Amino acid sequence: MRLKYVLNEVLVGLWRNVTMTIAMIITMSVSLTMLGASVLLYLQVDQMKDYYYGEIEVSIFLRTDVTEAQRSAIDQSIAANPLVKEKTYETREQALERFKTLWADNPDFVKSVGENSLPESFRVKLKDPEQYKTFAEQMKGMQGIQDIIDQRALLDKVFKIFNAIQVMALIVAGVMALAALLLVGNTIQVAAYSKRREVAVMKLVGASNWFIQAPFVLEAVVAGLIGAIIGFIALFGGKLVLLDNRLQALTNILTPIPNGNVWLMLPLLAGVGALVSAVTAWVTLRFYLKV
Amino acid sequence: MIQLENVTKTYPKASRPSLDDVSVGIEKGEFVFFIGPSGSGKSTIIKLLLHEVTPTRGKVVVNTKDVTSMRSWKIPHFRRSIGCVFQDFRLLPNRTAYENVAFALEVIGKTKAVARRVVPEVLELVGLGGKEHRYPHELSGGEQQRVAVARAFVNRPLILLADEPTGNLDPDTSIEIMRLLDRINRTGTTVVMVTHDSNIVNQMRRRVIEIESGRIVRDQARGVYG
């Protein structure tokens, strides 16, 4: 009985002020979409770091005029270095082969590269990729080295961009969340005002505080949940349309976003949406109804 | 049943206290009038008893419970033992007489079945049998006040507080409402009524406590308005 009463109050409340309810739901869903996107990106960058950092190599390119003695000196120095996990040596021919397979679909480009234009190199995997600087420092002085390149530095640039996008999404989520909070507060105030007579009588005859507040709080929670569901649909849709179709090229670098991760956003968004709405409504009521 | 001990209430920004060191005791089953001019502080007593305001100094005990130190979450339950009637009726305009009374029951957790049993009974008691499904605007002032009394009494409170219940009613209707309150009093309910209707006070001949500028100036059993 009481449940039916409360649910009925909630629906009537949402409908009474339907334009405000819609505004509340829209801001809530945009905020939650951004939050979801941000969290997804965060998970993604984490996963990519695991994936790429495991594969990372430091390439030591040798000069074209490197001598046999210099080469073996470098070789021994790498082998003796305690930071090194494994090393491979790549001749000019091997480098060219790799280049050819890499660019197999672009034969003109391959043809333009001469037999000897690719340098020979040592490919070194470090025990701890973070130790790159120390390792480079130790190798730099050796004769016959053209260049030392750490793939990590390159990746870091990519990750920095992702991080920036993630932070921006988070900021948008925060700003929209603030707008959503104000709308929730306002909606609850309007709802409480339109039911002020009922509330006065309820207080007078001794209805418990939760019973007075529940319809209002639930009203906000229902709106929050609807916002979360819409936000989730937008997120999933965005993932399907943008990443799986339009920007598939980007996905190849990104490492695919597992659908499981996206599904994980549903309880997250619903939880955040419901909780934030409930707390806002409750705080508003404390000030407005003084119950 | 009700005990005020050296109660002083000063509202914020007020130059003098609404109630100034008031002590009074009311026994179970009594019928008490608080009389006095407007602004004398008599309505503040009702507010204190309902815990709508807290005293600046002193102690308020209602039904053996010290209201002064009561935790706020206990107040709703405490109020269920007190019925309340006001000058302006405070009925819900979009609900019928029956629904107004039933609402008061349902919001404190009583089932619809209980309401169906109890509400017609109490409406009959206040003399509104047959008018259960009228809306407040379809009822006269006296009838609306009867609905309010029914709502206050439906939960069988120990105390009925009435704040100028006849203030909006003509003399004849006022007498009818007073007969109703008298009947409720005879069921053992303590009735505390704030009024400045001399006619009624003189007819009822009950205990009269007169307040002037926040102080009790007269406390008389079987008193008149004076």
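Student: How far apart are the centres of domain 1 and domain 2 of chain A?

Tutor: In this predicted model, 51 Å separate the two centres, taken over C-alpha atoms.

Student: What makes these two stretches domains of chain A?

Tutor: The domain assignment does: domain 1 covers 2-52 + 156-288, and domain 2 covers 64-143. Such bounds come from an automatic or database assignment.

Student: Why are β1 and β3 of chain A called paired strands?

Tutor: Pairing takes at least two bridges. Strand β1 (residues 58-62) and strand β3 (residues 121-126) of chain A have 4 bridges between them, so they count as paired. They run antiparallel. One bridge you can look up is Ser59(A), whose partner in β3(A) is Arg123(A).

Student: What is the strand order in the open sheet of chain A?

Tutor: Its 4 strands go β2-β3-β1-β4, with antiparallel pairing.

Student: Why do β2 and β4 of chain A stand at the edges?

Tutor: Each has a single partner strand, so β2 (84-90) and β4 (145-150) both have one side left without a neighbour in the sheet.

Student: How do you know which residues of chain B are in contact with chain A?

Tutor: The C-beta atoms, placed from the backbone, have to lie within 7 Å. By that test, 16 residues of chain B are in contact with 15 residues of chain A. On the chain B side, α2 (75-79) and α3 (97-106) each give two or more residues. That side divides into 8 nonpolar, 3 polar and 5 charged residues.

Note on methods
Residues are numbered from 1 along each chain as its sequence is written. Chains are lettered from A and ligands numbered from 1 in the order in which they are written. This is a predicted model: local features need pLDDT of at least 70, side-chain atom pairs count only at pLDDT 80 or more; totals for chains, interfaces and linings use all residues. Two residues are in contact if their C-beta atoms, placed from the backbone, lie within 7 Å. Ala, Val, Leu, Ile, Met, Phe, Trp, Tyr, Cys and Pro count as nonpolar, Asp, Glu, Lys and Arg as charged, and the others, Gly among them, as polar.
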